[in-house]
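Visitor: I have not seen this structure before. Could you walk me through it?

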Amino acid sequence: MRAMILAAGRGERMRPLTDTCPKPLLRAGGTPLIEHQLHRLAAAGYRNIVINLAYRGHMIRAALGDGAQLGLHLHYSDEGDRALETGGGIRHALPLLGKDPFLVVNSDIWCDHPLLPPDIGDDLAHLVMVDNPPQHPSGDFHLHNGRIDDADGPRLTFSGIGYYRPELFAETPDGAFPLAPLLRTAMVAKRIGGEHHHGTWFDVGTPERLNDLDTRLRTGNIHDHRSPSNHRS
């Protein structure tokens with residue numbers, strides 16, 4: 001299984017930090033956010049990893065190179081000056097991802113999920129869900145018995161970790177488009193599975209959350225679930 005890291009966004013909520021540095025290269029615990037992901041992917045056995053680029057993408061490419069120093073083979077999907085959103089970015093990278101299911105991970109999260117490939121059967125996607133954090137109390141989707149839908153009821157938050165079949169994007173056009181509508185269409189067809197990850201998860205979406213993660217990584221308190229950016233029920 002190949003993996004993809006989403007790294008093309010502008011990081012507006014991280015300004016002014018992202019005025020001169022792309023969000024994936026912001027550091028937590030002395031290491032760029034995207035390198036935390038690369039280390040976890042390498043530990044899980046992934047070797048071929050695609051990274052999409054847009055805003056200040058040349059800086060990401062210059063910092064990571066071909067990935068040989070991490071024992072990886074990095075491939076870049078350049079989206080030009082304007083990011084293609086999550087759905088469009090994944091579709092644009094499909095020629096680099098192959099015909100089999102692949103993993104996609106956001107570059108702006110920190111999570112201790114093992115990232116091991118699941119058997120997704122005939123599903124078009126398998127999403128890793130987490131407890132709703134304070135900044136997103138309503139959650140995203142409903143999970144019941146390993147199936148994800150958009151029905152009423154208690155919801156969990158999508159972690160930014162998902163496994164997808166290329167067929168999910170088969171009827172999509174070139175250009176920018178979000179991922180969520182594709183997932184909702186597949187939910188109606190009952191082809192979206194998922195799991196509830198009960199471990200540590202940080203959405204590093206603001207300077208305050210970045211500082212929180214940085215402090216916890218430096219002090220070894222990363223698994224202290226009293227973190228204001230990581231709520232557990």
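Here is a short tour in questions and answers.

Visitor: What kind of model is this, and how many helices and strands are there in the protein?
Guide: The model is predicted. Its secondary structure includes both types of element. The count is 5 helices and 13 strands.

Visitor: Why is the protein said to be as compact as a globular protein of that length?
Guide: The globule rule gives 17 Å for 233 residues. The radius of gyration of the protein is close to that, so the protein is as compact as a globular protein of that length. The radius of gyration is 17 Å.

Visitor: What share of the residues of the protein count as buried?
Guide: Buried here stands for under 20% relative accessible area. The protein has 233 residues. Those that count as buried make up 51%.

Visitor: Which element gives the most to the largest nonpolar core?
Guide: The largest nonpolar core has 40 residues. I49, I51, L103, L115 and I161 have the most contacts inside it. The element that gives the most, with 5 residues, is α1.

Visitor: What does L115 touch, leaving out residues up to four places away in sequence?
Guide: A touch needs heavy atoms within 4.5 Å. On that basis, the residues that L115 touches are R40, L41, A44, Y46, L103, V105, I161 and Y163.

Visitor: How far apart are the end C-alpha atoms of helix α5?
Guide: Helix α5 covers residues 207-219, which is 13 residues. At 1.5 Å a residue, taken one less time than the number of residues, helix α5 should span 18 Å. The model agrees: the end C-alpha atoms are 18 Å apart.

Visitor: What covers the buried residues of α5?
Guide: The buried residues of α5 are R209, L210, D212, L213, D214 and R216. Their cover includes a helix, α1 (33-43). It also includes the strands β2 (27-28), β7 (109-111) and β13 (201-203).

Visitor: Which residue follows α5?
Guide: The residue after α5 has a positive phi, near 80°. That residue is G220.

Visitor: Is N132 buried or exposed?
Guide: N132 sits in the loop between β8 (125-130) and β9 (142-144). Its relative accessibility is 16%. The cut-off is under 20%, so N132 counts as buried.

Visitor: Which backbone oxygen lies 2.9 Å from a polar atom of the side chain of N132?
Guide: The side chain of N132 has a polar atom 3.2 Å from the backbone oxygen of P137. At 2.9 Å from a polar atom of that side chain lies the backbone oxygen of R155.

Conventions. Residues are numbered from 1 along each chain as its sequence is written. This is a predicted model: local features need pLDDT of at least 70, side-chain atom pairs count only at pLDDT 80 or more; totals for chains, interfaces and linings use all residues. Side-chain values use heavy atoms; hydrogens and water are left out. Helices (H or I, at least four residues) and strands (E, at least two) are DSSP runs, numbered from the N terminus. Buried means under 20% relative accessible area, exposed over 50%, partly exposed in between (1.4 Å probe, protein chains only). A polar contact is a pair of N or O atoms within 3.5 Å; within protein, one must be able to donate a hydrogen and the other to accept it, and residues adjacent in sequence count only if both atoms are side-chain atoms. A nonpolar core is a set of buried Ala, Val, Leu, Ile, Met, Phe, Trp, Tyr and Cys residues joined through side-chain atoms within 4.5 Å. The radius of gyration is taken over C-alpha atoms; the globule rule is 2.2 Å times the number of residues to the power 0.38.
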